[in-house]
Amino acid sequence: MNFPSDTDDSCSPSTTEPRPADVRVAAMNLLARREHSLQELQQKLQRRFADAGMVAEVLHVLREENLQSDQRYAESLLRQRLSRGYGPLRLRREMRERGLDDAAIDIAHAAVQPDWFALAESAYLKKFGSDPAGGVVATERTEQSQGNREEQRALQQAALREKARRSRFMQYRGFLPEHFCHLLED
C-alpha cells in the first residue's frame, strides 16, 4: 500500500493567496445559480476570501459589467415572494434585510405592479377557503333561533376569535388591513 509521505503536498490545503480571478469565478458561480444582492454576494465571498478589499474590487467590476444588479435581484425576489402570497409590508422588510435600498424596492414595485387586493384575496382563499368565518357564523345564525343567550354569546365569541386569527394570518403575510378586511365580513 502506498501512503502519502509527510512531505507530499497533494492532500494539504492550498497555501497560495487567492487572486482576483478566483474571487470572480466564485462570484460568477453564485450568480449563475440565482440573482444576489450586492450585500448577499459580498457576505458570501468574504466568508471564503479574507481580503475584503479584493472582494469589493471584484464586486465593483461585476456591477460595472452589469453581471450583478440589485435592481434585477429586487424584481426577481419580488416576483418570487408574490407567488408565495406575501404582502407589501413583509416584502419591503425582507428586501431591506437583504441589502436593497428603498429606491430599488420602489422601482421593482413599479416594474411588477402587483395588485395587492387580488393577492390578498388569493392568499386568504388558499388558506381559509371561501367560507367567510370558517362555518362559525353560519352555525351562529342557525343557533340564534334555537339557542339561549349564553350559546349565542359563545358562538359570537368563537366567530370573533376566528376573525382575529384570520386577520393575524393576513398581517403576518404582510398585507395591510384595507387589503383583506372585506374578506373577513359575513
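What share of the contacts in the chain between residues at least 6 apart in sequence join residues at least 24 apart? The share is 62%, where contact means heavy atoms within 4.5 Å.

## Basis

This is a predicted model, in which local features need pLDDT of at least 70, side-chain atom pairs count only at pLDDT 80 or more, and totals for chains, interfaces and linings use all residues. Residues are numbered from 1 along each chain as its sequence is written, and side-chain values use heavy atoms, with hydrogens and water left out.

## Chain

The chain has 10 helices and zero strands; these are DSSP runs numbered from the N terminus (helices H or I, at least four residues; strands E, at least two).

Of its 186 residues, 35% are buried (under 20% relative accessible area, 1.4 Å probe, protein chains only).

## Packing of H9 and H10

Helix H9 spans residues 149-172 and helix H10 residues 177-184; their axes lie 10 Å apart at an angle of about 150°. Axes are lines fitted to C-alpha atoms over the stretch in contact, and angles run from 0 to 180 degrees between N-to-C directions. H9 and H10 are therefore roughly antiparallel (over 145 degrees).

On the H9 side the contact is made by Lys 163, Arg 166, Ser 167, Met 170 and Gln 171, and on the H10 side by Pro 177, Phe 180 and Leu 184. By class, four residues are nonpolar, two polar and two charged (Ala, Val, Leu, Ile, Met, Phe, Trp, Tyr, Cys and Pro count as nonpolar, Asp, Glu, Lys and Arg as charged, the others, Gly among them, as polar).

Definitions and conventions:
Parallel < 35°, antiparallel > 145°, perpendicular 65-115°, else oblique. Buried < 20%, exposed > 50% of the residue type's maximum accessible area, 1.4 Å probe, protein only.
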